[in-house]
Amino acid sequence: MMRSTSIALILIAVFVLSCSDSGVNSVDEPEIFRISVVVHVVHLGEELGSGTNLSEERIMGQIKTLNDDFRRKAGSRGFNTHPDGGDARIEFVLAKTSPEGNPTNGIVRINAESFRDSIQFTNFDYYASLSYWNPEHYLNIWTEPYPELSRGLVLGVATGPQSDLPGTDLLGVGEPNHAEGVLINSIHFGSSDIESDFNLGRTLTHEIGHYLGLLHLWGEYDCTNNDYVDDTPAMGHPYQGSCEERPAMSANYMTWSPDSSMNIFTKGQIERMHFVLENSPYRSTLLNSPGL
Ligand SMILES: [Zn+2]
């Protein structure tokens, strides 16, 4: 009896060891930064899934695009083979638990039909007054019910992180004085068949780049003070070429290129985003969110 019990225990021990050997927590595997997201759909009272009341499918598709882009996923539009391009190892997950601890699909719907004329577009504090989850634990994204005529004119806006990285003063900081997150024109949220250069969900990829501390490649609109990242060729203006011998990187997410031609975050940009995620208030705390 004794002996067979010990053999059983040894077998269990071996089994446990072999599991941990091949497990996902291997120390060699690089860290993945996971961010819990809440999408506040501010709509004009349309039926679920039409107009500004975006379908769950469209929202899930947008999250997939983010993950394809930030993970440089093979076989997706976000893949590139550029020598300076990288896998940002940042993933986005629709919140599974609300700030109150309740199960959620990470989507909040706000019917603004009765006050549509008083909507304060692009005002973070206004949108936060409608719905806002603890910004220490969730990336708050609001879709704005802009009218059709704003298509291609208003895309999105993000608050930047609190950081002493050079250039972050160019990004408007949200907390602790103002609400923060990302606002996206609902027309440009996720993939759709609208006639626009911005119909594949890359507006959100770009805005989250700002949220994590990235500047446009032209930064302060001059060749020397641009984005403070070495492996993105300097630009002095969005619609001019490179300031250097190297060609401009028009496929970079931090340009204003059409959605269909973007697929690069460089290693330098990734390093900057990781620095923000590890050091900035309202960013480092995202990594331990109860929403994950
Ligand atoms: Zn921008």
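Leaving aside its neighbours within four places in sequence, which residues is Gly201 in contact with? The legends below start there.

This is a predicted model, in which local features need pLDDT of at least 70, side-chain atom pairs count only at pLDDT 80 or more, and totals for chains, interfaces and linings use all residues. Residues are numbered from 1 along each chain as its sequence is written, and side-chain values use heavy atoms, with hydrogens and water left out.

**View 1. Gly201 and its contacts.** Beyond the neighbours within four places in sequence, Gly201 is in contact with Gln62, Thr65, His188, Gly190, Ser191 and Asp259 (contact means heavy atoms within 4.5 Å). Gly201 lies in the loop between β6 (182-185) and α4; helices (H or I, at least four residues) and strands (E, at least two) are DSSP runs, numbered from the N terminus. With a relative accessible area of 0%, Gly201 is buried (buried means under 20% relative accessible area, exposed over 50%, partly exposed in between, with a 1.4 Å probe and protein chains only).

**View 2. The disulfide of Cys223 and Cys243.** A search of the whole structure finds one disulfide, and here it is: Cys223 is joined to Cys243, S to S 2.0 Å (a disulfide is a pair of cysteine sulfur atoms within 2.5 Å). Both cysteines sit in the loop between α4 (202-211) and α5 (267-279), 20 residues apart. Cys223 is partly exposed at 40% relative accessibility, and Cys243 is partly exposed at 31%.

**View 3. Glu220 and its contacts.** You will find Glu220 in the loop between α4 and α5. Not counting residues up to four places away in sequence, Glu220 touches Leu170, Asn225, Asn226 and Tyr228. Its relative accessibility is 37%, so Glu220 counts as partly exposed.

**View 4. The aromatic pair Phe124 and Trp142.** The structure holds ten aromatic pairs (rings of Phe, Tyr and Trp, with its six-membered ring, pair if their centres lie within 6.5 Å; planes under 30 degrees apart count as stacked, over 60 as edge-to-face and the rest as tilted). In one of them, the ring centres of Phe124 and Trp142 are 6.2 Å apart and the planes are at 75°, so this pair is edge-to-face. Phe124 belongs to helix α3 (residues 124-130) and Trp142 to strand β4 (residues 139-144), so the pair ties together parts 18 residues apart in sequence. Phe124 is buried at 11% relative accessibility, and Trp142 is buried at 0%.
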